[in-house]
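This report describes one protein model, beginning with a single residue and widening to the whole chain.

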Amino acid sequence: MAPESIDGIPVTVVVVWVLGAAGWGVVLAGLRRGLRGRDRGPALFAHTATPAGVVLMFAVLGYGSLYATIALAAEWWSLAAVTGFRPARLVAGGGLRRLAAWLLLTAAVTYVAGRLVLGR
C-alpha cells in the first residue's frame, strides 16, 4: 500500500469525496433555510436525488464516478460562493447574472480540480 493512500484509496480521492459531501450539505442547508411554501419539497427532492443521478449518468457514458464527484463538488461549492450560501438567490432578482457566474465558476473549478486530482 502506498504511503499516500488510506486503505488503498488515494488521499486526493478521499479529499474530493469529503469536499463533495460537505458541498452537498452546505447547499442542502441553504435550501432548507431559504425556501418556503410549495417550492421547498420539489427542490429538496431534486437536490437529494442529484448525486445518484449524476453518478449513474457518468457511468452510462463510460466515465467513472470520480469525474462525477469532482464536477458535483465544484458545482455545489461554486453555487454556495455565487449565491452567498443562499441557493434560493439563484432564481431571485438578478438570477441570470448569478446563473452565468455560477456556470463560469463551476467550469473553471472543475477544470482546475480535474487537472490537480487526475494529473492530466
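Valine 15 is partly exposed, because its relative accessible area is 42%, and partly exposed denotes the range between buried (under 20%) and exposed (over 50%), with a 1.4 Å probe and protein chains only. The model is predicted: local features need pLDDT of at least 70, side-chain atom pairs count only at pLDDT 80 or more, and totals for chains, interfaces and linings use all residues. Residues are numbered from 1 along each chain as its sequence is written, and side-chain values use heavy atoms, without hydrogens and water.

Valine 15 lies in helix H1, which spans residues 11-34 and gives the nonpolar patch its largest share, three residues. The patch, of about 500 Å², is formed by Ile6, Val11, Val15, Leu19, Trp77 and Phe85. Patch members have over 30% relative accessible area and no salt bridge, and nonpolar side chains are joined within 5 Å.

The protein contains four helices and two strands, in the order β-β-α-α-α-α from the N terminus. Helices (H or I, at least four residues) and strands (E, at least two) are DSSP runs. Whole-chain values follow.

| Property | Value |
|---|---|
| C-alpha box along the principal axes | roughly 50 × 25 × 25 Å |
| Distance between mean positions of the 11 positive and 4 negative charges | 17 Å |

Buried residues make up 28% of the 120 residues.

How values were computed:
Patches are made of residues with over 30% relative accessible area and no salt bridge: like charges are joined within 9 Å, nonpolar side chains (Val, Leu, Ile, Met, Phe, Trp, Tyr) within 5 Å. Accessible areas come from the Shrake-Rupley method with a 1.4 Å probe; for residues, only the protein chains shown count as cover. A salt bridge is a side-chain nitrogen of Lys or Arg within 4 Å of a carboxyl oxygen of Asp or Glu. Lys and Arg count as positive and Asp and Glu as negative; His and the chain ends are not counted. The place of a charge is taken as NZ of Lys, CZ of Arg, CG of Asp or CD of Glu.
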